[in-house]
Amino acid sequence: MVTVAGTPVNGYFNGYKNVTMAEGIQLSFEAQRDEEFRNGFPFFGERLWIDLLNTTPFDGERRQDLVETSDGFAKWLEAAGIPAPPSHGLPTARDDARKVREKLRSTFEDLRAGSGVQAPLLQWVNARLRNVRLRLALEQDGEGVRLVERLDLGASGPSGAIARDFACFICDYEPARLKRCANPACTMVFYDTGKNNTRRWCTMSICGNRDKVARYRARKSHRTHAKR
Ligand SMILES: [Zn+2]
């Protein structure tokens, strides 16, 4: 765990309601924390870099890419609480994110298997982290004094947020908690943060429910056959 002045520094999307961006945008993840979908995008990976992997759902025939267009990418950034770059910078930021997404995809499997991180990904992360700054300040409000952490992504833009999230993750994770959804037809992945590490589904509302219905039907048909 990385700590600054005794305060754990986790990904700012992980429910850290005091974290704001240098641009002055207050990140209010608390409200959306339990939302599995935001703006229609899946956000149940429990980590930003894993949520990025889940922007390519399989529709039964092919992999879609939800951030293929600059517009789609801007909407995803908004849902993730990451400030979007000016519109002329969006295509470059989107290309950078999509490129690293493929590196992260193979890394996900490497980490599950207990292997380390490949050098090209480390280089990508370090190049983006170079511009990221964390600023601390004590601020006073009605409830008292609190330590506010501000992330300045600088020239790295959205990729800086992804790089920072991955960097925090890689220093403190358990391989057995990196999982694929148990539905063989589903390509979603997640980090199981549950106490007992028993999560099986990307979402209970979709794949978990589908399984429940299938098992119910199987039981029912078994009973019907048994009666005959
Ligand atoms: Zn699933």
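## Overview

The protein chain has seven helices and nine strands, taken as DSSP runs numbered from the N terminus (helices are H or I with at least four residues, strands are E with at least two). The model is predicted, so local features need pLDDT of at least 70 and side-chain atom pairs count only at pLDDT 80 or more, while totals for chains, interfaces and linings use all residues. Residue numbers start from 1 along each chain as its sequence is written.

Of the 228 residues in the protein chain, 24% are buried. Here a residue is buried if 20 or more other C-beta atoms, placed from the backbone, lie within 10 Å of its own, exposed if 12 or fewer, and partly exposed in between.

Let's look at helix 5, residues 119-129, whose buried residues are W124, V125 and R128. Seen down the helix axis, these fall within an arc of 95° (from the directions of axis to C-beta atoms), so they line one face of helix 5. The face turned away from that buried side carries the exposed residues A119, Q123 and N126.

Helix 4 (90-112) and helix 6 (158-170) are among what covers the buried residues of helix 5.

## Where helix 5 meets helix 6

V125, R128 and L129 in helix 5 meet S159, G160, A163, R164, F166 and A167 in helix 6, with contact meaning C-beta atoms, placed from the backbone, within 7 Å.

The axes of helix 5 and helix 6, lines fitted to C-alpha atoms over the stretch in contact, come within 8 Å and cross at roughly 120°.

Terms used:
Two residues are in contact if their C-beta atoms, placed from the backbone, lie within 7 Å. Axes are lines fitted to C-alpha atoms, for helices over the stretch in contact, and angles run from 0 to 180 degrees between N-to-C directions.
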